[in-house]
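Hi,

Here is the structure I promised to pass on.

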Amino acid sequence: SVPVTLHALAKTYPGGVEAVRPLDMEFAAGRTTALVGPSGCGKSTVLRLIAGLEVPSGGSAAIDGAPPSETTRRGDLALAFQDPSLLPWRTVRQNIELVLGLAGRPLRRREIDDLIRLVGLEGFGDTRPAALSGGMRQRAAIARALATAPRLLLLDEPFGAVDALTRQQLAQDLPALWEARNTTTLLVTHSVAEAVTLSDRVIVFSPRPAHVVADIAIDLPRP
Ligand code: ADP
Ligand code: ADP
């Protein structure tokens with residue numbers, strides 16, 4: 001697992017929308033932090049800056065002391081965003097195999113089956129995304145993000161379309177998995193309940209431009 005450090009990280013989009021005020025923050029290795037705040041306050045932007053998908057207009061994000069591009073290149077970072085962006089012409093299993101292949105990791109059928117079961121998609125491994133519901137596609141994207149056992153996991157509203165029952169199951173299973181793997185996880189969500197259940201720490205952002213209004217340690221006993 002890896003720590004993430006933000007040094008005066010800031011983002012103003014072309015056109016002048018100031019999404020993130022210079023932000024200094026440290027996310028400890030192996031912990032799960034939830035970012036919550038009103039819609040449009042800049043949460044996704046923070047995550048995309050950390051992922052290296054967006055160029056900061058000031059400051060920097062460092063993953064284990066290195067720029068995001070390094071981590072991405074090593075295959076240590078995985079993302080699951082609101083839009084599951086699965087390859088439509090590949091089955092759930094093939095979508096997972098693809099990221100494993102890209103990361104140069106072994107394609108162990110048993111482990112892939114375990115992940116598919118973890119997200120409640122048992123029996124759908126050979127189904128293409130078009131034949132799945134939106135929530136099932138999101139779950140497939142979560143399985144894909146977990147497949148490489150990334151050291152840093154970035155989740156942006158990954159459960160938005162997931163049904164309540166499965167979400168409850170995931171909320172039970174995921175923290176244990178992250179702890180076992182020592183994954184550093186950052187979770188953007190608008191659900192305070194989800195944030196508290198899944199995380200060790202909840203950061204509350206103000207309306208745009210995002211600055212921190214509360215930084216709360218969560219100490220929830222886990223089964
Ligand atoms: P959140 O994830 O908290 O809902 P975002 O980070 O998605 O917020 O967006 C923060 C602000 O930046 C919003 O006002 C949004 O409209 C704006 N924004 C997001 N992406 C872009 C972009 N690519 N270009 C211009 N403005 C953007
Ligand atoms: P593989 O090499 O694993 O067999 P391909 O990349 O050749 O997979 O694609 C398999 C099928 O998906 C082909 O029928 C191809 O036309 C289709 N395909 C490939 N790329 C795209 C794309 N960007 N969008 C939609 N369909 C695609």
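Thr189 sits in the loop that links β7 (184–188) to α7 (helices are DSSP runs of H or I with at least four residues, strands are E runs of at least two, numbered from the N terminus). Thr189 is buried, at a relative accessible area of 1% (buried is under 20%, exposed over 50%, partly exposed in between, with a 1.4 Å probe and protein chains only). Its side chain makes a polar contact of 3.1 Å with that of Glu194; such a contact is a pair of N or O atoms within 3.5 Å, where, within protein, one must be able to donate a hydrogen and the other to accept it, and residues adjacent in sequence count only if both atoms are side-chain atoms. Skipping neighbours within four places in sequence, Thr189 is in contact (heavy atoms within 4.5 Å) with Leu35, Val36, Gly37, Lys43, Glu157, Glu194 and Ala195.

Before going on, some ground rules: this is a predicted model, where local features need pLDDT of at least 70 and side-chain atom pairs count only at pLDDT 80 or more, while totals for chains, interfaces and linings use all residues. Residues are numbered from 1 along each chain as its sequence is written, chains are lettered from A and ligands numbered from 1 in the order in which they are written, and side-chain values use heavy atoms, leaving out hydrogens and water.

Now the ligand. Around ligand 1 there are 13 residues, the closest being Gly40, Gly42, Lys43, Ser44 and Thr45 (a residue counts if one of its heavy atoms lies within 4 Å). Helix α1 (residues 43–51) gives the largest share of this shell, four residues. A polar backbone atom of Gly42 is 3.0 Å from an oxygen atom of ligand 1.

Cheers
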